[in-house]
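Please consult the sequence and model shown here alongside the text.

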Amino acid sequence: MSWKNRGGSESNSRRLVSKKLTLFLCAACFFAGLLFTDRMWPDPEAKGLSIPTGTEDAQSRLVSDGCDPKLGVRRDSKDIIREVSETRNAVQTLDKTISNLEMELAAARALQDSILTGSPVSDDLMLPEPVKKRKYLMVVGINTAFSSRKRRDSVRATWMPQGDKLRKLEEEKGIIMRFVIGHGATSGGILDRAIEAEDRKHGDFLRLEHIEGYLELSAKTKTYFTTAVALWDADFYVKVDDDVHVNIATLGATLAKHRSNPRVYIGCMKSGPVLAHKGVRYHEPEHWKFGEEGNKYFRHATGQLYAISKDLATYISINQNVLHKYVNEDVSLGSWFIGLDVEHIDDRRLCCGTPPDCEWKAQAGNICVASFDWSCSGICRSADRIKEVHRRCGEGEDALWSASF
């Protein structure tokens, strides 16, 4: 009995010691852990390090950008101006690249149309872009008709260079000049053969894939710009009638002033009445689109002579299938630019009268670009009178060859 009691006491004593030992070991481990943590992970602030706050981070970025809030000093104005200039140059380069791509697209479309219609493909369209293109100042398309042989000869005898001089004009001055005409209703007929023979003699025609007709002038104008921009890379594309006198050097100098504007439309701007009555000249079949009877057209260049920049000619080429044609071609051209960011230049030197008007202006040192009679929408009896106009109002041949554009 006593043995049992002694054994039970020893057992209780051992359990008590075991519990105390366990608590002691736990406490020792806890303090050891604290000591270890304090040695291995020192406080960042104690080491001279600081964790930047959001405000401090923003301030450091401002200082790195050259604007210290404490000093209140902004970046050097010269640096800002230089960056603005570099940005402007980059934008201009991008605009030029886009314009070149649009022109290439227009040329590719013209080539595709030629293939699909089975018409002859010009060598200029077939050559690679870097080889075939050189930069010209302007392409001057002289609108003519099958019945206007005498007018063409009078232009050749006055303000349009011939033969080697025509080629020299292209090479030295960057000016392309061509009579613009389509085809007769009968392909290969007598009218076409007569033009082909004339072209072999003078080499100054641009033939269009277009059927000639007075009521088709809007379509002809559209086809002219589409063809010209595909064949020649020029700053400007000009359309002039074959019964108008033109001073080429003065025209070139006038257009060269607007080279920096990518979308410019130059001519003698007018806004004539919309003629609703049938049987009158310049009758507008779609007069109802312009409002009530008696309204006027929007501003547009008179059709005797006008010029457009390359971007606008390219726009016509790309969108030729959706551009609406009115019966009057000058109205059609003006309507194609409505809604576009286009600068209209109203230059009255492009529509001077015949002598004495243009003669007085020439004597005063203000030489006219173009001269014609408003009453005839051109020089009245131009085949007979244009030589007299040229003698009295012409700039002189030396002006063209000494000009620098």
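## Overall make-up

Among contacts in the protein chain (heavy atoms within 4.5 Å) between residues at least 6 apart in sequence, 74% join residues at least 24 apart. The protein chain contains 15 helices and 9 strands; helices (H or I, at least four residues) and strands (E, at least two) are DSSP runs, numbered from the N terminus. Of the 405 residues in the protein chain, 40% are buried. Buried means under 20% relative accessible area, exposed over 50% and partly exposed in between, with a 1.4 Å probe and protein chains only. The accessible surface of the protein chain is about 23600 Å², and carbon and sulfur atoms account for 56% of that area; the areas come from the Shrake-Rupley method with a 1.4 Å probe, and for residues only the protein chains shown count as cover.

The model is predicted, so local features need pLDDT of at least 70 and side-chain atom pairs count only at pLDDT 80 or more, whereas totals for chains, interfaces and linings use all residues. Residues are numbered from 1 along each chain as its sequence is written, and side-chain values use heavy atoms, with hydrogens and water left out.

## The largest pocket

The largest pocket has a volume of about 1200 Å³. A pocket is an open set of points on a 1 Å grid over the protein atoms alone, where a 1.4 Å probe fits, with protein on both sides within 12 Å along at least five of seven lines; lining residues have an atom within 4 Å of a point. Its volume is the space filled by probe spheres set on the points, which are joined across faces, edges and corners.

There are 43 residues lining the largest pocket, and Tyr214, Leu217, Asp241, Arg281 and Tyr282 are the closest to its centre. By class, the lining comprises 15 nonpolar, 15 polar and 13 charged residues. Here Ala, Val, Leu, Ile, Met, Phe, Trp, Tyr, Cys and Pro count as nonpolar, Asp, Glu, Lys and Arg as charged, and the others, Gly among them, as polar. At least two lining residues come from each of strand E1 (135-143), helix H6 (149-156), helix H9 (217-231), strand E4 (233-241), strand E7 (300-309) and helix H12 (329-336).

Helix H9 has 15 residues, 13 of which are buried. From its first C-alpha to its last, H9 reaches 21 Å, close to the 21 Å expected at 1.5 Å a residue; the expected span is 1.5 Å times one less than the number of residues.

In H12, 8 of 8 residues are buried, including Glu329, Asp330 and Trp336. The cover over the buried residues of H12 includes H9, E4, strand E6 (264-270), E7 and helix H11 (310-318).

## Arg207

Arg207 lies in strand E3 (residues 205-211) and counts as partly exposed because its relative accessibility is 23%. Beyond its neighbours within four places in sequence, Arg207 contacts Ile181, Gly182, His183, Asp192, Ile195 and Glu196. The C-alpha atoms of Arg207 and Asp192 are separated by 10.0 Å, with the two residues 15 apart along the chain.

## Backbone features in loops

Pro355 and Pro356 are joined by a cis peptide bond with omega of about 15°. Pro356 belongs to the loop between strand E8 (343-346) and helix H13 (357-363).

Ser377, in the loop between strand E9 (370-371) and helix H14 (382-393), has a positive phi of about 55° although it is not a glycine. Arg381 is also found in the loop between E9 and H14, and its phi is near 50°, a positive value in a residue other than glycine. Ser377 is buried, at 18% relative accessible area, whereas Arg381 is exposed, at 59% relative accessibility.
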